[in-house]
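I opened this entry to look up confidence, the chain contact and a few salt bridges. My notes follow the model.

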Amino acid sequence: MPQKATAVSGKTEHIAMEMLEKLGKQIMIFDGGFGSELEKRGIMTRCPEMLNITNPDDIADIHRNYIEAGCDFITTNTFGANRCKMPDADLKSVIEKAIENAKRYRTTQYVMMDIGPLGKMLAPIGELPFDDAYEAFKEMVVAARDHVDGFILETFPDLYELKCALLAVKENSDKPVFTTMTFDNTGHTLTGTSPRIMAELMSNMGADAIGVNCSLGPKELKSIVNEFVKYCDKPIIVQPNRGIPTVRCGKAMYQLSAEAFAEVMNEFYEQGVAVLGGCCGTNPEFIKAIAVNKDKPVVKREVIKETMICSATQSVTFDKIRICGERINPTGKKKLKEAIINGDFDYILKEAIKQEEAHADLLDVNLGVPKTDDVANMKRVVMKLNEITNLPLQIDSSNVKAIEAGCRYYNGVCLINSVNGNEICMDAVFPIAQRYGAVVLGLTMDDNGIPQTAEERFAIAEKIVKSAEKHGIARHRMMIDTLTLTCSAQQPLVKETLRALKMVTEKLGVKTSLGVSNVSFGMPNREVINSTFLTMALENGLTMPIINPCNAMMTNAILAFNALRGNAADLDNFVNNVISVETSTPHIPQTPDNLIASNSSSPLHDAVRRGLREQSVEITKQLLENHSPMNIINEILIPTLNEVGADFEKQIIFLPQLISASEACKEAFGVIKEKFQQTDNQKGTVVLATVKGDVHDIGKNIVKVIFESYGYKVIDLGKDTPKETVLEAVRKHNPDIVGLSALMTTTVLSMEETIHYLKDNNVKTPIFVGGAVLNQNLADEIKADGYTKDALEFVEAIGKLLQNRQ
Amino acid sequence: MCPARKMKKEILKYLGHKDANSVDEHTNSLIDKALLEVEQQSKFKYIYEKFDEPLPFMKDISGYQSYLEDSPFLLCATTLGVQIDRYIQRLQLKDMAYATVFDASASVFLETKADEFERNLEFGNLGFRFCPGYSGTSFIDNQKIARILNAEKIGITFLESGLMVPLKSMVGIIKIGENVKKSCGGCAAKSDCGFRKNGTYCYGNA
């Protein structure tokens with residue numbers, strides 16, 4: 001991980017310290033809009049940053065007007081001076097010139113290096129890797145750090161990109177850094193982040209001022225500012241637009257007067273906002289109007305601070321019991337272990353979705369399997385989870401590097417599991433928590449193991465919390481686990497865990513966690529022990545049980561506890577959500593043995609055709625008691641799929657029905673495979689990828705389902721796949737076929753490149769292509785070995801090809 | 001036709017149905033669910049700007065000339081936001097059939113919302129949205145339009161390949177004026193339009 005740079009010249013460091021001393025105590029004024037000033041001068045271009053070089057006098061003059069209006073901060077004209085937006089420019093010169101222009105007329109003002117978003121969406125939703133974005137921001141920071149007094153990261157719509165930019169500043173400079181995002185009238189950023197979530201992450205990571213810019217007019221920003229006022233424990237900065245523009249003749253025109261603007265800004269001052277400024281449409285007149293508040297003491301405000309973890313879109317506080325889903329942890333889970341070893345990340349992601357749907361509040365992520373690269377795996381899984389779940393994550397590893405990878409690439413405030421009372425462990429983990437703004441779970445054990453008594457465990461908890469505070473981590477960012485022991489081996493110690501829980505809750509005032517199911521190892525009827533222990537722990541103050549949220553006994557115990565301890569709403573909640581624990585299996589029609597041969601009247605045929613996944617699984621299990629796997633596959637599953645395929649061709653059924661049937665069939669195959677590991681029921685191996693530059697993967701995923709339904713093994717390389725990854729997969733898995741997908745003409749070029757690359761590297765495996773713009777001619781042109789118009793035709797073609805080979 | 005029914009008809013077209021009556025009960029219920037969820041998950045944004053003269057990138061390109069016929073025009077950019085992309089990724093792990101229906105529903109929803117937004121604009125009559133990439137116009141012009149409108153402000157970004165993120169985004173040109181009509185005859189893509197060849201329309205009952 002990058003090392004912090006300390007190269008700061010003495011003079012600018014002094015100015016920076018002076019700024020921080022004033023910040024949050026006295027009202028400070030930022031400058032206003034820049035674009036509208038350029039337009040006024042008739043010099044607005046698509047790349048205003050180049051004006052630093054071509055029109056330095058104009059730029060310096062705009063800064064001077066703001067200085068004369070009374071601002072304390074001058075923002076450099078460098079918003080888009082990054083390698084993504086200006087790939088051909090000499091960025092260092094542009095930035096240096098911009099700073100020079102900003103300094104030309106400055107007297108006492110602080111010069112702030114302006115950094116805006118890169119204009120590209122970060123992977124995995126876009127294609128810009130987090131590390132590349134980091135380098136782009138770092139380049140700007142390094143060019144400016146010795147010449148400016150601080151940084152302002154502004155107008156970010158995406159929390160992940162803002163986190164990346166803030167890391168680039170904090171890891172390469174010691175100067176103060178302010179961060180602002182844009183919010184819309186829903187009270188969220190374009191990517192769904194609330195002011196509270198932004199404030200929590202930015203504050204934990206050490207931003208010096210936090211707030212909102214651009215977005216809307218001051219009046220429309222009121223509720224957003226209110227949220228910052230309530231939850232942001234750092235000085236708040238607000239830079240609104242000049243109201244909402246009205247559109248005249250197709251052009252946006254700002255109408256709000258400087259007085260009306262200042263009136264609302266004055267309300268923000270009265271609420272405790274510390275830094276006031278303007279954005280689009282505002283000019284020196286507006287800054288002059290708000291500068292009447294300059295140097296006034298910042299109004300004191302009450303800030304709500306409580307233990308909170310969050311993703312970019314969802315936060316969890318511990319005002320009630322929160323379930324941490326334990327399913328993504330390989331201990332005692334054979335299938336998950338295999339998935340991690342085989343790189344089957346879809347399995348892990350599906351576990352996440354299952355737990356979210358079972359009402360988990362956050363998810364534990366532990367990928368520690370011997371002889372696997374848990375650092376790389378943690379990075380990859382966390383980034384995929386950023387994309388597919390809104391639940392916050394608990395990054396769980398005994399490897400500090402894996403913890404750091406998880407924290408660095410997580411989009412939000414994660415919970416680190418864990419530290420213990422060992423000094424070396426705390427010295428390694430707390431700085432990571434501090435750098436990435438995480439909350440930390442402390443285990444009440446140390447070099448001597450787990451102490452027997454509650455008092456000793458409490459003493460360790462106290463030591464951990466105090467050590468955290470020394471590292472700058474406030475108590476609300478700490479949680480404690482008093483460690484569940486197995487009742488079969490250490491029965492007297494179970495109550496010590498509970499006593500310690502109570503002591504930690506009452507005396508330290510921190511939230512608590514327990515891995516509940518450990519208590520019952522080696523016991524019969526484990527669920528009874530687990531759910532009883534859970535209830536006892538809840539009564540002693542447990543706030544975050546780590547359990548399987550899909551286990552009804554456990555979730556019912558929590559519902560019941562809340563109903564008995566809580567209010568009328570909790571009682572209703574129990575009545576509405578309690579799950580009957582009698583296992584209900586889907587209604588399965590009788591399956592007399594003789595029906596196996598008569599495909600069309602087989603219940604399995606019917607279930608697959610209708611896309612009934614659960615029924616298909618149950619019927620297959622039943623059939624396996626009396627029939628051979630090959631019999632079921634050849635007599636029912638394959639004929640049913642063929643029938644479904646024929647109906648699709650004839651347009652008797654359509655795409656959703658074809659996919660549903662294929663998915664049901666895939667599930668049935670899964671049962672057969674699970675029960676008869678030795679059965680060689682795999683027809684062949686297919687490597688599938690959506691090519692580099694293309695993120696439309698729905699077509700490829702349809703192909704995947706159809707292939708799997710026919711019993712093929714599919715190696716799915718995902719979307720935006722580099723050619724090198726395809727080659728690596730071909731070498732590793734030796735597939736029978738490679739299938740490449742592309743949606744647009746532009747990405748067909750990337751497809752062609754991939755094909756050439758594979759062939760140049762002596763890949764003899766046939767390469768098939770598909771996608772919206774492909775046809776046979778184009779496929780021939782790019783030297784593909786085959787083209788099919790849809791998934792079904794593809795599977796048929798491969799079937800024939802493999803048959804001919806035999 | 002009511003908007004929901006019209007949307008459903010379009011979604012079925014995307015899913016390969018030629019006839020709306022051929023839909024089975026299950027797919028029908030999936031579409032109903034998808035339309036509700038698309039509405040919940042999306043963050044519709046639309047920006048535009050009016051121009052009277054062809055822009056430099058349009059000059060000497062017959063596709064633009066034949067579409068615009070010297071009319072003033074709007075450049076527009078619209079999107080459903082990035083949450084839809086995340087949701088589609090999630091659905092694909094859970095239920096591919098529904099993911100496919102949801103994907104088609106999101107596309108139709110964006111078209112419908114954009115139509116609805118445009119109906120409330122006060123520019124007289126509007127032509128179809130024409131998206132560069134057809135009739136000799138370059139796909140890369142989409143990025144030029146997005147830059148002119150600063151579409152980044154509503155979250156529209158481009159991949160190296162020119163594809164848009166969020167996936168459910170559109171950038172286009174709409175001619176305006178009293179005599180303008182929404183008809184295939186005025187479309188720049190009329191010469192090589194697959195829908196026309198099959199006797200249908202790209203969307204709606206034109």
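**Ground rules.** I am working with a predicted model, where local features need pLDDT of at least 70, side-chain atom pairs count only at pLDDT 80 or more, and totals for chains, interfaces and linings use all residues. Residues are numbered from 1 along each chain as its sequence is written, chains are lettered from A and ligands numbered from 1 in the order in which they are written, and side-chain values use heavy atoms, with hydrogens and water left out.

**Confidence.** I checked pLDDT, the predictor's confidence in each residue, from 0 to 100. Chain A has a mean of 92, and 95% of its residues reach 70 or more. Where pLDDT is low, the predicted coordinates should not be read in detail.

**Interface.** I found 57 residues of chain A in contact with 46 residues of chain B. The buried area between the two chains is about 4500 Å², with carbon and sulfur atoms giving 58%. In chain A, A:Leu190, A:Phe654 and A:Ile698 lose the most area to chain B, together 14% of what that side buries. Buried area here is the accessible area (1.4 Å probe) that two parts lose on being put together, summed over both.

A salt bridge is a side-chain nitrogen of Lys or Arg within 4 Å of a carboxyl oxygen of Asp or Glu. Eight of them run between chain A and chain B. One joins B:Lys94 and A:Glu357 at 2.6 Å, N to O. The elements giving two or more residues to the chain A side are α13 (345-357), α14, α25 (655-675), α26 (698-709) and α28 (745-760).

**Helix α14.** Helices are DSSP runs (H or I, at least four residues), numbered from the N terminus. I tested the length of α14 of chain A, residues 374-388. The expected span is 1.5 Å times one less than the number of residues. For its 15 residues that should be 21 Å, and the end C-alpha atoms are 20 Å apart, which agrees. Buried residues in α14(A) include A:Asp374, A:Met378, A:Val381, A:Leu385 and A:Ile388. Buried means under 20% relative accessible area, exposed over 50%, partly exposed in between (1.4 Å probe, protein chains only).

**Salt bridges within chain A.**

- A:Lys40 and A:Glu37 have their closest N and O atoms 3.0 Å apart. They sit three residues apart in helix α2 (residues 35-40), so about one helical turn separates them. A:Lys40 is exposed at 57%, while A:Glu37 is buried at 3%.
- A:Glu351 and A:Lys354 pair at 3.2 Å. Both lie in α13 of chain A, three residues apart, about one turn of the helix. A:Glu351 is buried at 6%; A:Lys354 is partly exposed at 46%.
- A:Arg609 and A:Asp647 meet at 2.8 Å, N to O. This pair links distant parts of the chain, α22 (residues 603-609) and α24 (residues 629-649), 38 residues apart. A:Arg609 is partly exposed at 25%, and A:Asp647 is buried at 10%.

Last, I logged one network: salt bridges that share partners join A:Arg41, A:Asp58, A:Asp61 and A:Arg64.

Notes
Contact = heavy atoms within 4.5 Å.
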